[in-house]
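Here is my note on the model you sent.

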Amino acid sequence: MGETQLDIRGPVHGTKDVGRAALGSTAGAVIESYDFIGFGTAAALYFGTAFFHAEDPMVGVLASFATLGVGFVARPLGGIIGGHLGDKVGRKPVLVASLLIMGLATFVIGLLPTYAMVGAWAPALLVAVRIVQGLAYGAEWGGAILMTYEHSPWNRKGKYTGWVQAGFPIGLLLANLVFLVSVHLPGDWAWRVPFLFSIVLVAVGMVIRSKVPESPVFDEAKEAGELLKSPIKEVIRNDWRNILRGIALRIAETAGYAVAITYMMSYVTTTVLPDGSHLGDKDDTILALCIAAAIGIFATCGWGMLTDRIGRKPQYVAVTAFNIVWAFPMFLLVNTGSRVLLIVVFIVSYVISQNALAGSQGTWFPELFDANVRSSGASLAYQISAMISGITPFATTLLFLQFGWVGPAALFAAYSLLGLVAALVTREKWPKAT
């Protein structure tokens, strides 16, 4: 490894606080994923009727998914703010603030009045709180992943950032386990309880995250006077190509998840078979997702560790190519109405199609940018793509109305192809590859 590479990657052998940094970042990632993903589950299963007045259930689903998308649209702004502050005042303050804001916003959702109570004010309030969620979540990832990345030894960065990326399936599992239990509660309590429960997680997360030390790379840059006045402007001016590549890489994962998981949950519970039954019920879909998320916790860590052995790029190329092939079979299998095949589809779509890409991003994205603009650059690439994934369930529903299940399948394949092309044209900066 050359001197420049050492500077890009921080302390070669990591710091003594790497374990604490990884656990603290992971704890926060779990909580914020629980909060943000819980909204997606509720949007697919409950919000269409709770917050939107529509005689046609499909109209309610569309409106609910549109609200889901608002949070994703807000994430880039959160990424800009969080990335800028992460490069200006430090990674840790951003982590603590984003967790607190996210947790409070999620708790408030559990208290919101429904359409039956206050009419049009209900969706308006839901959208407002969802925007706050999006801002906080947008600021979260860059700080969490960089704190871990910059504390880690050069040859174990995939391992430790894999822990943080595993916070997503842990939060996903926790959120859906709560929904799996709360689905049997009467009336609105079925969706209120999971959001109200988040306040407990936030209290625990704040204690853990407050003990995480600041990034050594940021401290060194600050002491050397290398902090920039406007890191956002600098990274856009000098590294816009890497930002665009990162956006395309991320779309394959996050927008692909929006089709294969978020939309699939709605598709299974709303598609009517010739005998009048549905492909599956709410219990079936939540159970399938819980099983996939449980496996995904270990899979994401494993995928992260694998990048330390084979590199970030080869893994991304292989998985995006697989996803192109998987696009149509996953719908064909679900269309059988088999509960077993539904579980298989969720496992493959999550553990391979999503987890493997997420396991690569924790290292590849930070390695695309220099230390003094790393938070801004990685956050921009990661969060701008969220706008596409946010509107994907809505767009996928429209495609289904026009073309049937073939429309969503084709969209998933298109996202995967975009990711494959981006992976092929993005430089591999993994030390052993140079």
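1. How much space lies in the largest cavity? About 430 Å³. A cavity is a set of points on a 1 Å grid over the protein atoms alone where a 1.4 Å probe fits but cannot get out. Its volume is the space filled by probe spheres set on the points, which are joined across faces, edges and corners. The structure holds 5 cavities of 30 Å³ or more.

2. This is a predicted model: local features need pLDDT of at least 70, side-chain atom pairs count only at pLDDT 80 or more, and totals for chains, interfaces and linings use all residues. Residues are numbered from 1 along each chain as its sequence is written, and side-chain values use heavy atoms, without hydrogens or water.

3. The largest cavity has 35 lining residues (an atom within 4 Å of a point). Nearest its centre lie Ile-37, Arg-75, Tyr-137, Phe-168 and Arg-250. Helix H2 (residues 18–45) gives the most to this lining, with 8 residues. The lining divides into 19 nonpolar, 11 polar and 5 charged residues, with Gly counted as polar.

4. Helix H8 (residues 157–165) packs on helix H13 (residues 282–310) at about 160°, with axes 7 Å apart. Axes are lines fitted to C-alpha atoms over the stretch in contact, and angles run from 0 to 180 degrees between N-to-C directions. H8 and H13 are therefore roughly antiparallel (over 145 degrees).

5. In H8, the residues that meet H13 (heavy atoms within 4.5 Å) include Lys-157, Gly-162 and Trp-163. Among their H13 counterparts are Cys-301, Gly-304 and Asp-308. The contact residues divide into 3 nonpolar, 6 polar and 3 charged.

Notes: Helix = DSSP H or I, 4+ residues; strand = E, 2+ residues; numbered from the N terminus. Parallel < 35°, antiparallel > 145°, perpendicular 65-115°, else oblique. 1 Å grid on protein atoms, 1.4 Å probe; cavity = no way out; pocket = protein on both sides within 12 Å on 5 of 7 lines; lining within 4 Å.
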